[in-house]
Amino acid sequence: MELLEEIIASTLRGATPLLLAALGEVISQRAGVINIGIEGMMLMGAFFGLVTSFYTAELMIFAPWIGLFVAGLSGLITAGLFVVFAIKLRGDQVVIGTAITLLALGLTEVLYQRIFGGTGTPHNIPYFEKIELPLLSQIPFLGNTLFSHNIIVFLTFLLVPCIYFYLYHTQQGLRVRACGEHPKAISTVGSNVSLIRTMCILFAGTMAGFGGGYLSLADVPIFTPNMTAGRGFIALAIVIFGKWHPVKACAAALLFGLGFALDARFQAFGWNVQYQWFLMLPFILCLVVMSGFVGRSEAPLALGKPYDPSE
Amino acid sequence: MQSTFNRLVITSALILSAAFLTNGFILVLCGYNPLQAYATGITGAFGSAHGLGETLVKSIPFLMTGLSVAIAFRCGIWNIGAEGQFLIGALAATWFGTKVAYLLPNISWVAIPLCMTIAILGGGIWGAIPGILKITRGVNEVISTIMLNYVALYFVSAMVDGGPLQEISRTGPQSDPIAKWVFLPRIFPSSRIHIGILIAILLAIILTFVLFRTSFGYQIRAVGEGASAAEASGISITLNTLRVFFLSGALAGLGGAIELMALAPQLTTTFSPGYGYTAIAVALLAKLNPLVTIASSLLFGALTMGSYAMQLNIGISNKVTWMMQAIILLFVIGSSSFHLITKRE
Amino acid sequence: MEEKALLELQNLTKKFGNLIAVDNVNFELQPGEIHAILGENGAGKSTLMNLIYGLYQPSSGSINIYGKKTILRSPSDAIAHGIGMVHQHFMLIENLTVAENIALSVAKFDPSNQRNASDADLDSLPNSFESSINLSKFRYDKSEATQLTESLSQRFNLPVEPNTLIRNLSVGLKQRVEILKALAVNARILILDEPTAVLSPHEVEDFFDVLRTLQADNRSIIFISHKMKEVLAISDRITVLRHGKNVYQGKTGELSARGLAKEMLGEELSEVEREEHKASRDQVLNISELTVMGSRDKNAVKNLSLETHRGEIVGIAGVDGNGQRELAEAILGLRHISSGTIEILGKRPTKTKDIRQCGVGYIPEDRRTKGVIQTFSIAENLMLNYTHLQTLTQTGVIKQVSKYDFSQHLIDSYDIRPTIPDVPVSTLSGGNQQKVVLAREISPQPELLIAVNPTRGLDINAMFFVHKKLLAQRDKNKSVLLISTELDEVLRISDRIYVMSSGKLIEATEHRDNIGALGLLMTGESETDV
């Protein structure tokens with residue numbers, strides 16, 4: 001029972017950064033933009049979030065909040081770069097995303113070495129600690145599994161219905177969905193396609209930044225080079241598996257979170273299985289899921305195609 | 001033809017200057033002196049016979065993976081998986097070099113081609129997996145190749161760190177050295193330059209000929225530039241896509257094997273510093289032309305060599321090359337978004 | 001009667017670089033008028049409409065609305081001034097419902113803004129559509145959108161089911177939704193770009209009724225078309241554009257169809273005459289009981305049988321989307337066959353490559369994406385055919401000398417301009433691109449040539465060129481299968497005529513001179529009713 005509790009709890013914790021990035025990517029892909037750069041945006045968020053918390057450590061409990069804010073901001077700024085090349089210059093989104101990820105890998109590592117040298121990040125950086133929701137955390141089983149986490153976990157799962165409501169029950173959400181299907185059609189009724197896409201990319205970048213900030217600031221404050229280790233790419237797979245729907249994406253994120261949780265558990269058990277197989281698991285899962293469950297017809301029709309208003 | 005070439009040289013020069021400026025600006029923000037850094041880098045890459053030789057040596061994996069990416073992109077295949085294919089090629093060569101080679105007579109001209117063939121098959125099959133997934137299940141190759149990169153990375157790690165290919169003494173996360181007679185010969189006694197460079201350049205020439213002068217190359221380009229028109233004319237999309245996925249993987253795989261057989265007699269868990277990702281910048285800077293890829297891979301070899309010098313002398317992380325590569329890539333996109341990249345698809 | 005024009009264009013000019021697309025055009029539109037704009041493809045009709053709809057900005061000249069000079073910076077500006085547009089390619093989002101599409105159109109629209117924009121002459125305005133339902137600004141409420149759609153439908157008597165996905169609607173209904181979208185934002189000027197191209201003759205009649213209703217409501221309509229007959233039937237006035245200039249403007253009926261055609265082309269027509277020709281009995285294509293799945297898991301071709309012989313052109317007429325594309329693709333091996341057989345000269349190849357090698361030529365309907373590869377040179381495009389590729393290749397290597405000799409020869413004999421083999425095809429005009437396709441597909445002398453809408457988007461002279469080439473194939477005792485949405489074209493050059501409707505073929509050669517009967521067949525009436 002205790003093991004089950006722990007697995008469920010760590011599933012939620014593992015799913016949180018994936019879900020943050022995936023929710024942003026759902027919006028961006030619904031608007032027709034495939035943003036591979038979220039891996040890099042997450043990494044930027046993770047690094048600058050931690051660095052900020054490190055430098056504002058005297059502010060005690062405010063420091064991680066400022067860190068998280070800066071994490072989102074650095075995701076946003078990185079996404080701004082994506083916007084310049086993908087929307088303004090109408091370059092290929094896959095190549096731009098790859099470039100941005102490379103840039104983030106290089107920049108964070110150069111700065112990491114500059115700031116922390118060979119010693120690694122110190123342990124006394126303020127971070128988001130586990131909080132136990134009053135009353136709720138007292139419920140047997142559920143209390144430990146669902147209601148004792150750091151604050152970002154709760155906020156992230158609260159975001160799912162918000163995004164759902166936005167996409168399906170607001171005028172703007174309707175326009176976002178239309179934008180990914182037939183951008184020209186909505187530009188002829190007076191919407192600004194480039195603006196919609198820009199906002200969606202920026203949103204995705206911010207969310208990826210928060211996801212990265214979670215990695216470096218929640219539960220344990222740490223940054224290591226390339227610490228996202230493909231989580232941004234997994235978020236892409238979650239979007240596809242979740243059929244571009246926020247609630248289904250949430251389910252998919254939980255599945256991958258479970259993958260990470262089991263991985264950690266099995267390692268701790270000291271089972272006679274090499275740890276690399278578990279690290280590989282989420283990526284194999286992605287491949288299996290993509291080849292088994294999703295047809296090509298379900299993606300937004302204009303996904304990945306640069307929009308040229310003069311055509 | 002002359003003017004196309006001139007234009008390519010001029011744009012490339014502009015792209016590089018802009019990239020160096022931008023990168024320098026970022027270095028300033030990071031608290032480094034870019035002039036000092038670049039001077040160190042240039043001296044490191046070109047300042048001595050040794051540096052020059054190492055620059056050439058370092059450009060070989062870029063050329064191999066760059067060719068792999070160029071041929072795939074020409075066919076409209078977004079293969080981001082050269083990294084994984086490179087690793088699998090090296091893994092296959094390691095298996096051959098540490099396990100099979102000892103069963104064979106120690107004759108280099110038998111062992112080396114065999115070892116390369118195994119790596120070509122390994123990389124090719126690894127490269128064909130996303131092709132098969134794309135054709136039969138409609139899986140987008142961008143995502144699947146990225147996923148396969150991670151699978152390959154952990155697979156290599158599983159093999160040499162605790163797995164069957166780990167060194168017999170089980171001390172470090174690496175394999176035993178491959179058999180001596182599988183080593184690639186060096187060209188000069190005093191330098192690490194090896195015959196891999198000749199193989200890579202020869203392949204670049206052959207691929208250029210294949211792309212622009214043969215029926216197969218014509219079909220590859222037709223599928224890449226206008227799939228539905230090609231299909232209507234009787235060119236098989238499925239067949240060509242699969243062939244190019246394999247070819248692209250094989251080139252990267254061979255690249256991994258060459259790297260292993262010439263320089264590192266052992267496979268480690270950190271064997272590739274991201275050659276497969278850099279390859280995208282290498283190929284795009286060369287406008288997907290295999291011959292021009294020779295030049296762009298030299299540039300990236302020099303960048304790598306320069307970054308080592310910077311790390312050694314100034315203490316800048318050598319990952320500064322990634323930053324530089326990304327900036328070059330972004331400027332390539334910026335300069336060509338009006339003609340090259342938007343025209344595809 | 002000196003009425004103030006609702007819309008007036010004065011000396012309007014639009015240049016793209018050196019190209020003058022619209023050249024000093026003057027035009028006016030009265031309230032309640034249907035004004036046709038007639039012109040060849042490339043005459044500047046679309047550019048002119050994009051200027052009025054705010055998608056382009058004029059290089060010089062002015063647009064006056066109610067006598068007031070107006071600058072239209074974007075479609076929203078145009079909408080605010082009561083201008084609505086129904087594009088030839090529908091601007092509908094297929095995966096959304098009718099109500100959602102209409103909501104998208106209404107969302108960015110502010111009625112008060114529209115009133116300010118044209119405050120003059122309020123009495124002569126049509127009754128605007130005042131709905132009791134206003135969509136909320138922020139929330140999207142499905143029931144609100146449904147109610148809005150229903151009340152629109154009722155007000156204009158254009159019934160449509162609000163919660164159906166657009167992709168499940170027929171073409172006629174889609175067009176109706178487009179019109180509703182424009183009416184929902186109170187369009188007083190409706191621009192209709194080639195609206196009948198996708199409709200069957202029967203649907204065209206219904207559509208004209210809708211237009212007359214709107215006219216009675218005092219709305220003005222700009223009707224863009226190249227179909228003389230329809231223009232004469234529906235319009236009040238006609239403006240003819242040629243090479244960007246307006247060469248004629250007058251009341252409908254002042255000029256005969258022939259006179260209008262002369263204005264459109266600037267020269268007398270040289271008709272292609274089809275001479276009777278005796279087809280042989282030799283079978284080339286034999287399709288029996290063919291069923292082919294279309295997109296969306298429906299059968300597009302249903303249990304269809306057809307034979308073609310040497311020395312004949314078999315024409316298949318029909319409205320777009322009745323399975324013609326699927327039929328052609330199935331014959332070429334580009335689409336999977338559910339059941340039935342296709343025999344070509346007694347063989348049953350299934351791969352496109354093998355089918356092509358049996359001697360099948362193909363002129364696909366979408367020239368830009370399926371006919372040529374835009375970034376390839378003329379020479380490379382001329383090789384894009386398995387037969388040519390094989391003859392030009394020796395042990396896998398393309399023989400450069402043969403390649404240039406071969407392409408220069410085809411460029412000369414098909415009069416392709418420019419005449420340089422290395423020029424990318426993207427720089428060629430539509431007519432010249434089609435010549436590249438014809439040269440490539442006809443020069444190997446295919447036993448069977450399949451041509452799908454081979455003249456779509458071409459000017460009349462290019463069209464005659466294509467027709468001559470197809471007739472020449474027939475005279476060389478080859479077999480031609482012409483699939484076209486242009487009934488005139490099918491009638492003009494085919495020896496035997498079929499009508500395709502809902503995936504089925506009806507032999508209609510005997511109705512050759514009875515357009516009414518053919519029209520009914522095209523709308524799916526069975527032959528016994530005709």
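User: What share of the 530 residues in chain C is buried?
Analyst: Bear in mind that this is a predicted model, where local features need pLDDT of at least 70, side-chain atom pairs count only at pLDDT 80 or more, and totals for chains, interfaces and linings use all residues. Residues are numbered from 1 along each chain as its sequence is written, with chains lettered from A and ligands numbered from 1 in the order in which they are written. A residue is buried if 20 or more other C-beta atoms, placed from the backbone, lie within 10 Å of its own. For chain C, that comes to 47%.

User: What is the radius of gyration of chain C, next to the globule rule?
Analyst: The rule is 2.2 Å times the number of residues to the power 0.38, and the radius is taken over C-alpha atoms. For 530 residues the rule gives 24 Å, and chain C comes close to that, so it is as compact as a globular protein of that length. Its radius of gyration is 25 Å.

User: How are α4(B) and α10(B) oriented to each other?
Analyst: Their axes, lines fitted to C-alpha atoms over the stretch in contact, with angles from 0 to 180 degrees between N-to-C directions, come within 7 Å and cross at roughly 50°. Angles under 35 degrees count as roughly parallel, over 145 as roughly antiparallel, 65 to 115 as roughly perpendicular and the rest as oblique. The two helices are therefore oblique.

User: What is the handedness of the crossing of α4(B) and α10(B)?
Analyst: A crossing is left-handed if the near helix is turned anticlockwise from the far one by less than a right angle, and right-handed if clockwise. For α4(B) and α10(B), the crossing is right-handed.

Notes
Helices (H or I, at least four residues) and strands (E, at least two) are DSSP runs, numbered from the N terminus. A residue is buried if 20 or more other C-beta atoms lie within 10 Å of its own, exposed if 12 or fewer, and partly exposed in between; C-beta atoms are placed from the backbone.
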